[in-house]
Amino acid sequence: MGDTINSEWNEGAACFSPEADVLYFTSSRKIAKDNQGTKIFAVQRQEDGWGGVAQLDLVPDSLSVGHPSISADGNILYFVSDMPGGYGGNDIWMAKKSGSSWNEPQNMGRPINSPNNELFPFIKNNGDLFFASDRKEGMGGLDIYQAKRQETGVWKVENMKYPINSTADDFAMVFQTGQEKGMFTS
């Protein structure tokens, strides 16, 4: 991806906007001296490569955010943070786009979040949310869960079970656009 995106710091967990013209990614690069932890950055695709990298102003510098996933319309960014107001460990949060900035993040609440860690969200084009969690009812380590929004607005969360999950860590489920196939890490 080149020096514009890659730095001497850690870069990881990334996603593209629906038009594939913006890359959102997690990085531990330091923009300000007091910046701590990981942040989400965005970079615009240009004819000759990538433009300048910009940190998204989602949370104060003292908090960490990462693992971005953008909705099919490009207006909702899902991500992970351990910021105050969560249910414990890392939670999945969302922020809605307002012009060129993002509104204040909202916790996705229960049953998506638990007292344990929820990580690596992926929002599918149909609105289903996939994520990893180390909650107690899992098969071991991190398991992949699927959350479907019901007509009542409540999310129904289910463990993907075997053969997706194993006794090891299983995480970072992603799908090919408009298809029922994708990849995950185990």
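How many bridges pair β2 and β3, and in which sense? The two strands pair in the antiparallel sense over six bridges.

## Basis of the model

This is a predicted model, in which local features need pLDDT of at least 70 and side-chain atom pairs count only at pLDDT 80 or more, while totals for chains, interfaces and linings use all residues. Residues are numbered from 1 along each chain as its sequence is written, and side-chain values use heavy atoms, with hydrogens and water left out.

Strands (E, at least two residues) are DSSP runs, numbered from the N terminus. Two strands pair if DSSP finds at least two bridges between them.

## Strand β2 and its partners

β2 covers residues 22–27. Besides its pairing with β3 (39–46), strand β2 pairs with β1 in the antiparallel sense over five bridges. β1 and β2 form a hairpin with five residues between them, and alanine 20 in the turn has a positive phi of about 60 degrees. Within these pairings, cysteine 15 has tyrosine 24 of β2 as its bridge partner, and serine 27 stands opposite lysine 39 in β3.

Six of the six residues of β2 are buried, where buried means under 20% relative accessible area (1.4 Å probe, protein chains only). In a regular strand the side chains alternate between the two faces of the sheet. In β2 both faces are covered: Val22, Tyr24 and Thr26 are buried on one side, and Leu23, Phe25 and Ser27 on the other.

## The four-stranded sheet

An open sheet is formed by four strands in the order β10-β11-β12-β13, with antiparallel pairing. Its edge strands, β10 (118–123) and β13 (155–159), each pair on one side only. Neighbouring strands of the sheet are turned by 25 degrees against each other on average, direction ignored; the axes are lines fitted to C-alpha atoms, and angles run from 0 to 180 degrees between N-to-C directions.

Inside this sheet, five bridges join β11 (residues 129–133) to β12 (residues 143–149). Leucine 129 stands opposite alanine 147 in β12.

## Two pockets

A pocket is an open set of points on a 1 Å grid over the protein atoms alone, where a 1.4 Å probe fits and protein lies on both sides within 12 Å along at least five of seven lines; lining residues have an atom within 4 Å of a point. The volume is the space filled by probe spheres set on the points, which are joined across faces, edges and corners. The largest pocket holds about 600 Å³. Of its 28 lining residues, Cys15, Ser69, Phe122, Val174 and Phe175 lie nearest its centre. β1 (11–16), β5 (65–70), β10 and β14 (171–175) each supply at least two residues of this lining.

The second largest pocket holds about 210 Å³ and is lined by 14 residues, with Tyr24, Ala42, Leu56, Ser100 and Trp102 nearest its centre. Two or more lining residues come from each of β2, β3, β4 (49–55) and β8 (101–102).

## Methionine 83

Methionine 83 is placed in the loop between β6 (76–81) and β7 (91–98). This residue counts as buried because its relative accessibility is 11%. Leaving aside neighbours within four places in sequence, methionine 83 is in contact (heavy atoms within 4.5 Å) with Val59, Leu63, Trp93 and Pro105. The C-alpha atoms of methionine 83 and leucine 63 are separated by 6.3 Å, with the two residues 20 apart along the chain.

Definitions and conventions:
Buried means under 20% relative accessible area, exposed over 50%, partly exposed in between (1.4 Å probe, protein chains only).
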